[in-house]
Amino acid sequence: MDYYEYFNDQIGKQIDAERLHKDSKVVLYPFGKQGMLVKQILNWRYGINELFICDNGLSRKNTSIKPLKYLGEIDTSQIQVIITSDNRTYWDDIRMNLKKYIDEKNIIDLFSCKPLMNCSPRIASLEVAAREIYDKGIGGAVAEAGVYQGGFASYINRFFNDRKLYLFDTFEGFSARDIEVERKKDYSLRNAGHFGDTSVEQVISNMPFKDNVIVKKGYFPDTADGLDEKYCFVSLDLDLYQPIKAGLEYFYPNLVGGGIFSYMTVT
């Protein structure tokens, strides 16, 4: 989903919820490329014209664009300010400074979750997946098979903070029976117990929303026996042939429509 599609979807939801309509007194803040896209969608698709644009930098060059402090000089009780930027560097400042001048209930934040786009591609991809799932209203739990010390799982727990998170792992490293398959098929030279420097306690300590975490310790897929659950997001980080095969066989039939697989492996 590109920015235009994302903004179109988000603004459509505000229209459906009747937070925005043709008579809305709208201010856009700040105003870069993303602000221009929001303006186009509001103006051209919905016939909503902004009262004015707020941008501290641009206000120095264009008198029709107002500095943020201008909001403190006028009555803003009937004004709605749409935040159009997901710039991570200034994300906190944009929101903190705006709240000095306008009531939070009159703010429509198109990026209410602070982005992590300048971190690792894997985490950035997880963020995009989470936004897609929430934007489309897809239900279901989330899971990771192959947890190790819980680094990636902590981000799953954070981005899906209202979902049950199932963590499948031996928490003792690679199983000897899986390593035997690897050796017979000449897939890898890993040893039993590799990635064994972990524990359930260590993993749980990394979770920001611990109450949502369900640990399934032991050999997978045995630990999934009798589990009646559907998933919207699954991370497979199992590395070895037999566990990966078992993961696909278990999770794919239990993935809800529109659900997403994330797959990692090492050699």
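At what angle do the axes of helix α4 and α5 cross? They cross at roughly 25° and come within 10 Å. Angles under 35 degrees count as roughly parallel, so α4 is roughly parallel to α5. The model is predicted.

**Helices α4 and α5**
- Helix α4 spans residues 121-135, and α5 spans 151-159.
- The crossing of α4 past α5 is right-handed.
- On the α4 side, the contact uses Arg122, Ile123, Leu126, Glu127, Ala130 and Tyr134.
- On the α5 side, Phe152, Tyr155, Ile156 and Phe159 take part.
- By class, this contact has eight nonpolar and two charged residues, with no polar ones.

**Helices α1 and α2**
- The axes of α1 (residues 3-16) and α2 (residues 33-45) come within 10 Å and cross at roughly 50°.
- That angle makes α1 oblique to α2.
- Here, too, α1 passes α2 in a right-handed crossing.
- Helix α1 contributes Tyr3, Tyr4, Phe7, Asn8 and Ile11 to the contact.
- Helix α2 contributes Gln34, Leu37, Val38, Gln40, Ile41, Leu42 and Arg45.
- This contact has eight nonpolar, three polar and one charged residues.

**Second largest pocket**
- The second largest pocket has a volume of about 410 Å³.
- Its lining comprises 28 residues, of which Gly146, Val147, Asp169, Phe174 and Asp237 are the closest to its centre.
- β6 (141-145), α5 (151-159) and β7 (165-169) each give two or more residues to the lining.
- By class, the lining of this pocket has 13 nonpolar, nine polar and six charged residues.

Definitions and conventions: Residues numbered from 1 in each chain as written. Predicted model: local features only at pLDDT ≥ 70, side-chain atom pairs only at ≥ 80, totals over all residues. Heavy atoms only, no water. Axes fitted to C-alpha atoms, helices over the stretch in contact; angles between N-to-C directions. Helix = DSSP H or I, 4+ residues; strand = E, 2+ residues; numbered from the N terminus. Parallel < 35°, antiparallel > 145°, perpendicular 65-115°, else oblique. Left-handed = near helix turned anticlockwise from the far one by under 90°. Contact = heavy atoms within 4.5 Å. Nonpolar A, V, L, I, M, F, W, Y, C, P; charged D, E, K, R; others polar. 1 Å grid on protein atoms, 1.4 Å probe; cavity = no way out; pocket = protein on both sides within 12 Å on 5 of 7 lines; lining within 4 Å. Points joined across faces, edges and corners; volume = space filled by probe spheres on them.
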